[in-house]
Amino acid sequence: MSAILAAIVSIAFHGLAYAMVLYLISVGLSVTMGLMGFVNLAHGVFAAAGGFVMTRLMNGYGVPFPLAVAAAFLAVGAGSMVLERLLYRRLYGADELSQVLMSVGLIFMSVAAAKFLWGPLAQPMTPPAYLSGQLDLGFRAFPAYRSFLIVAGAVVVTLLWLGLERTRFGARIRAAVDNRRMAQSIGIDTGRLFTWTFALGSALAALGGALGADILAIDPAYALEHLVYFLIVVAVGGLGSIRGPFFAALLLGIADTGFKYLLPEFGAFFIYALTLAILLWRPQGLFGRV
Amino acid sequence: MSAALETRGLCKNFGALAVANAIDFRLERGARHALIGPNGAGKTTFVNLVTGALRPSAGRILIDGGDVTALPQAQRVKRGLARTFQLNTLFRGLSVLENVCLAIGERLGVAGDMHRPAGSRRIVIDEAYAALERLGIADEARRPVRELPYGRQRLVELAVALGLEPKVLLLDEPAAGVPSAESGVIVDIIESLPADIALLIIEHDMDLVFRLARRITVLVQGAVLVEGTPQEIAGDARVREVYLGERA
Amino acid sequence: MRADAVGGAAPQAVEALARAHRLKPWELAPWLAAIAAYFLFPSYLPLGAQILIAILFTLSIDLILGYAGIVTLGQSAFFGAGAYTAGLLAAHGWGEPISGLAAAAAVAGLLGLASGAVILRTRGLSLLMLTLVIAEMLQEAANKAGDITGGADGLQGMEVWPLLGHFEFGLFGRTAYVYCLVVLFLLWLVARRIVHSPFGRSLTGIRENEARMHAIGSPVFRRRLVIYAFAAALSGIAGALLAETTQFVGLDSLGFERSGSALIMLIIGGVGRLYGPFIGVPLYMVAQDRFAQADPVYWDFWIGLLLIIVVVFARGGLLGLAERLLRRRGRKP
């Protein structure tokens, strides 16, 4: 009995940590797709970039962990603004195929660039000493870094949601997602709004990629390997939704951990089947609007 | 005798918003009927419910006395229901002639054929061309629709719908976006349509409505406010209030 | 009066459409080139066979993307299904190549029918992602079922019999080349026939404007499903050709890279023209053969860049601009 309980707690714990990473990475993708209508398959590139910036700073230059994470957040956010102005903007409102192809092109380039700069191997991620080892909660000990991941993820998610509810920037995003033409007619500069939203989404992905480097290893093919998972979170959560992807990430994180723990011989097979079933039942996602 | 088109207690809700509220409506055979109402009255929603693009929340839809509420769009078309769109909804990359051929091919039930070349069915192409001649756009037959001026595209919009030989034709603002100098052509064509087609014209332009319609239904906030002859509608105090209220 | 004015044009427009399906002389050009290549580049025949297989695979994508407008990232699912079908048959004592193709077509076609019946009910991003999910699902299944498929090491021990009981698949790839060429030619004829049939025209209608197809009474879902399953069968045959001519099937036959690069070759050649694959695939694969072997990393980088340039500046750029201008002119009251 206690073995089953231990397994459940373990699945829930690791699933939760995984879900936080998936959500941080995917929420920006959901907004890009809902707000700008852009099928950005290259979103994972920003997460990978965040991971690379952090691991390179830590491993190569001995930069402390918090600083390296902050640098990843800011550098990727800034870089994504340039890309948005240069490339993405030109394809807002273009057909799906063009958007898909452009983002596939970006993936190819980024994978090649990462291989060229850092070689084909995964970048090791060593948590700082104060986040290593186990955290004893009395009834049970948990890996400290994963515990930190859950708490940090929860804090960021709370800040993000509060920010979208309470700030003017958040109100504008919500208005524009709801009704773009209306938002424009009441004087919202949607062009600037898109750039900043895109940057925020990318920076969050970088944060997720960096913090989650311990779960999703930072290697050159990152953006391609995990693409399906990010897309599942967004499609199951519902396009343009901020909260939907959170629940989708929870579902995916915990279910995937559970399946791989209980039925490792089937790998990710059941997750794909589950996704198929959910989207058959609700094609617009769990929280998407009709 | 059963009506060409009928709805009974037709409702559609988007969340808490009722965009169609228990609409009872009859379109008689060969009718020249207009559906009018202020912006947001639910006219286009009504069309989408009738054609099957939207599923009603409640109520029934009958074509020629037969219940089609559960049928998909394609099946309703087979029962003789056709529509045009408020914004041109055409195959923009295809030629004018091909646009009409697609509709005729579907009507004749040959569009699913995978074996014979489409061109070997001259009967489809000839009929399509004849339709273009009747509407005066035969000289554009080979041009891609997207190269046509908007007013000419409106005529293609009509030609595609007529290619289905409908018994009931829903015209969603047939002259919308057309320069007034050219809208006369469209009105002439609508006036000269065979008398056995039941027409429902959804329109904003009152001149056009009073010229074409012999009966008018006024829709307000998803419900029928009043129905009557043009004279009755013109004299109705409530209708005037709705329209004056909107203008103010 | 108007009828007089257009009297001369009447037969012209009708005639042109009635003759659209007739074979034009230039349509034979790729086939003459392929035959010439057999004699001119005997040492490149193995690469030539790979190119022919890739053309068939890309052609199947063109049918659903270029004609029915279904954006897919997972066509490799069917390629791999066909490859494993033919591969498993040959590894378990049935190495007859032509019936191997037929079995691959049946398995891949049924898989296309079954998965299409599920995923074609969705649209846009969901559809795109589900095509990918199906391919990933199969790849994961093939990976985990190592006892049957050989897993990550690939399927070993295929024994393909001589073609028609007579022609060995030799080292120089002559048999393989001719075999692939004949299969491609026959299937191209079928695909061409479908594209020019009323069914093919209605697919174009669906791509151009799905809403209007519904409104003219077209069973859109069924049409899409039929072409999806047909394209899946074509992909399956392409996969089986690869398995039979290389005597090997690996997990990469189901991978995203295969779908992705086929998509790129199609874009380079041109979408929805039936001939795009004949231009895009040889260009891409010959260039890849020359440049990528030295450094695959550079190759990926430049292909990515090329793709972005084509999409952003050549496609969406000029065509999009022209279209926008036209639309604006048309709307002006």
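**Contacts, helices and strands**

Where chain C meets chain A, the contact takes 34 residues from chain C and 39 residues from chain A. This is a predicted model. On the side of chain C that touches chain A, three helices each supply at least two residues: α7 (124-144), α13 (256-269) and α15 (296-331). The largest share comes from α7(C), with 14 residues. By class, the residues on this side of chain C are 20 nonpolar, 8 polar and 6 charged.

Chain C also touches chain B. That contact takes 38 residues from chain C and 45 residues from chain B. On the side of chain B, the helices α2 (73-78), α3 (96-108), α4 (122-134) and α5 (150-162) each supply at least two residues. Among the elements of chain B, α3(B) gives the most to this side, with 6 residues. The side of chain B that touches chain C divides into 22 nonpolar, 10 polar and 13 charged residues.

Now turn to the inside of chain A. Two packed helices are described by the angle between their axes and the distance between the axes. Helix α1 (residues 2-36) of chain A and helix α5 (residues 144-166) of chain A have axes that come within 9 Å and cross at roughly 45°. That angle makes α1(A) oblique to α5(A). The crossing in which α1(A) passes α5(A) is left-handed. From α1(A), the contact is made by A:Phe13, A:His14, A:Leu16, A:Ala17, A:Met20, A:Tyr23 and A:Leu24. From α5(A), the contact is made by A:Arg146, A:Leu149, A:Ile150, A:Gly153, A:Val156 and A:Val157. Sorted by class, the contact of these two helices has 10 nonpolar, 2 polar and 1 charged residues.

A:Leu200 lies in helix α8 (residues 190-211) of chain A. Is A:Leu200 buried or exposed? A:Leu200 has 20 other C-beta atoms within 10 Å, so A:Leu200 is buried. Apart from its neighbours within four places in sequence, A:Leu200 is in contact with A:Gly28 and A:Gly77. A:Leu200 and A:Glu84 are 116 residues apart in sequence, and their C-alpha atoms are 12 Å apart in space.

Strand β9 (residues 215-220) of chain B has 5 of its 6 residues buried, so β9(B) is largely enclosed by the rest of the structure. Strand β3 (residues 32-36) of chain B runs parallel to β9(B), and 4 bridges join them. In this pair, B:Ile36 stands opposite B:Val218. Strand β10 (residues 223-228) of chain B runs antiparallel to β9(B), and 5 bridges join them. Here the bridge partner of B:Val218 is B:Val226. The hairpin of β9(B) and β10(B) has 2 residues between the strands, and B:Gln221 takes a positive phi near 50° in this hairpin.

Another group of strands in chain B forms an open sheet of 4 strands in the order β2-β1-β4-β5, with antiparallel pairing. Which strands stand at the edges? They are β2 (17-27) and β5 (66-67) of chain B; each has a single partner strand, so one side of each is left without a neighbour in the sheet. Strand β4 (residues 58-63) of chain B pairs with β5(B) in the antiparallel sense over 2 bridges. In that pair, B:Leu62 stands opposite B:Asp67.

Methods:
Residues numbered from 1 in each chain as written. Chains lettered and ligands numbered in written order. Predicted model: local features only at pLDDT ≥ 70, side-chain atom pairs only at ≥ 80, totals over all residues. Contact = placed C-beta atoms within 7 Å. Nonpolar A, V, L, I, M, F, W, Y, C, P; charged D, E, K, R; others polar. Axes fitted to C-alpha atoms, helices over the stretch in contact; angles between N-to-C directions. Parallel < 35°, antiparallel > 145°, perpendicular 65-115°, else oblique. Left-handed = near helix turned anticlockwise from the far one by under 90°. Buried ≥ 20, exposed ≤ 12 C-beta atoms within 10 Å, placed from the backbone. Pairing = 2+ DSSP bridges.
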